[in-house]
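Trainee: I have just opened this one and would like to be walked through it slowly. Can we look at it together?

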Amino acid sequence: MRYLKSMIVLLEELEKEEESFHKVIDKTVDVIRTGGIIHILGYGHYNAIPMELFFKPGVLSCINPILDISTLYPENIYKANYLEKIEDYGKNLISNENIKESDILYIISYTGRDFIAIDACLEAKKKGIFTIGFINRENSIKPSKHSSKKNLKDLVDLAVLLPGPSDELLLSLKENKDVRVGNLGVLLPLLVINDILVEVIYKIEEIGIIPPVFRLPINEKNKEINKKLIDIYKEKIRGF
């Protein structure tokens with residue numbers, strides 16, 4: 001259980017980001033309360049994060065996953081690698097979405113230097129959209145090779161800095177210490193965003209609003225609630 005024990009240590013370190021968590025929660029609650037949408041950008045392996053948070057029992061129905069299937073490595077690793085290194089490619093992902101100023105955009109980039117994340121953020125800011133970045137703390141101080149020379153941390157409206165090694169790998173082997181294992185890149189941001197969204201749901205209830213959360217479709221009442229939630233957001237979320 002060495003990986004899990006090491007992960008627990010990292011999760012405890014997240015207490016240092018408590019202030020940022022509260023800011024993200026409060027902003028997200030305001031967006032939902034006023035009818036806005038939470039857009040979550042996915043590309044490469046990060047496609048898994050918005051997919052996991054979309055259209056499932058217990059999750060918010062006002063989440064729009066921005067997926068880029070072209071950068072899925074199982075499709076073609078060379079194509080995905082190439083697209084991730086093209087400047088302005090991320091701009092298109094935002095331009096093609098129905099994002100309003102009343103919405104919010106979550107951007108995950110463990111390195112803080114991914115071209116897609118940086119370009120998506122720059123495009124979102126042109127549209128007046130509030131952006132939140134989830135970035136590894138060690139990487140957040142490193143400049144990118146993007147023409148802006150900026151790290152995502154310096155561009156987003158609010159950054160949540162994640163603990164952990166800059167290379168995303170949590171452990172080294174005993175004998176072959178140069179062999180690193182135990183990837184954090186997708187898992188840690190997903191845990192953090194899940195935690196934030198759960199707190200958002202609780203806070204929405206505290207202010208007297210029934211949270212727009214999908215229910216387990218185990219009876220007709222819950223099925224009808226889910227249908228109504230889809231109808232509310234179908235004009236704003238492509239998947240509906």
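Predicted model: local features only at pLDDT ≥ 70, side-chain atom pairs only at ≥ 80, totals over all residues.

Trainee: Okay, at what angle do the axes of α2 and α7 cross?

Mentor: The axes of helix α2 (residues 18-33) and helix α7 (residues 187-206) cross at roughly 55° and come within 9 Å; axes here are lines fitted to C-alpha atoms, for helices over the stretch in contact, and angles run from 0 to 180 degrees between N-to-C directions. That makes α2 oblique to α7, since angles under 35 degrees count as roughly parallel, over 145 as roughly antiparallel, 65 to 115 as roughly perpendicular and the rest as oblique. The element names come from DSSP runs numbered from the N terminus, with helices being H or I of at least four residues and strands being E of at least two.

Trainee: And which residues make the contact?

Mentor: On the α2 side they are Phe21, Val24, Ile25, Asp26, Thr28, Val29 and Ile32, and on the α7 side they are Val192, Asp195, Ile196, Glu199, Val200, Lys203 and Ile204, where contact means heavy atoms within 4.5 Å. The residues of this contact of α2 with α7 divide into nine nonpolar, one polar and four charged; Ala, Val, Leu, Ile, Met, Phe, Trp, Tyr, Cys and Pro count as nonpolar, Asp, Glu, Lys and Arg as charged, and the others, Gly among them, as polar.

Trainee: How far apart are the axes of α1 and α7?

Mentor: The axes of helix α1 (residues 2-13) and α7 are 12 Å apart, and the two helices pack at an angle of about 50°, so α1 and α7 are oblique to each other. The contact is made by Tyr3, Met7, Leu10 and Leu11 of α1 together with Leu187, Leu188 and Leu191 of α7. By class, the contact of α1 with α7 has seven nonpolar residues, with no polar and no charged ones.

Trainee: Switching to the core, how many residues are in the largest nonpolar one?

Mentor: The largest nonpolar core has 66 residues, and those with the most contacts inside it are Ile38, Leu41, Leu60, Tyr106, Phe134 and Ile196. Such a core is a set of buried Ala, Val, Leu, Ile, Met, Phe, Trp, Tyr and Cys residues joined through side-chain atoms within 4.5 Å, and buried means under 20% relative accessible area, with exposed over 50% and partly exposed in between (1.4 Å probe, protein chains only). α7 gives the most to this core, with nine residues.

Trainee: What does Leu60 touch?

Mentor: Not counting residues up to four places away in sequence, Leu60 touches Ile32, Ile38, Leu197, Val200, Ile201, Pro212, Val213 and Phe214.

Trainee: Now α6: is Ala117 buried or exposed?

Mentor: Ala117, which is found in helix α6 (residues 115-126), is buried, with a relative accessible area of 0%. Leaving aside its neighbours within four places in sequence, Ala117 is in contact with Leu41, Tyr43, Ile107, Ser109 and Leu152.

Trainee: And where is Phe115?

Mentor: Phe115 is in helix α6 as well, and at 14% relative accessibility it counts as buried. Although Phe115 and His146 are 31 residues apart in sequence, they are 6.2 Å apart in space, C-alpha to C-alpha. Beyond the residues up to four places away in sequence, Phe115 touches Glu84, Lys85, Ile86, Glu87, Lys145 and His146.

Trainee: One last topic, the backbone: what is the phi of Asp88?

Mentor: Asp88 has a positive phi of about 85° although it is not a glycine; Asp88 lies in the loop between α4 (77-84) and α5 (89-95) and, at 44% relative accessibility, counts as partly exposed. Glu168 has a positive phi of about 75°, again without being a glycine, and its place is in the loop between β5 (158-162) and β6 (169-172). At 19% relative accessibility, Glu168 counts as buried.

Methods: Residues numbered from 1 in each chain as written. Heavy atoms only, no water.
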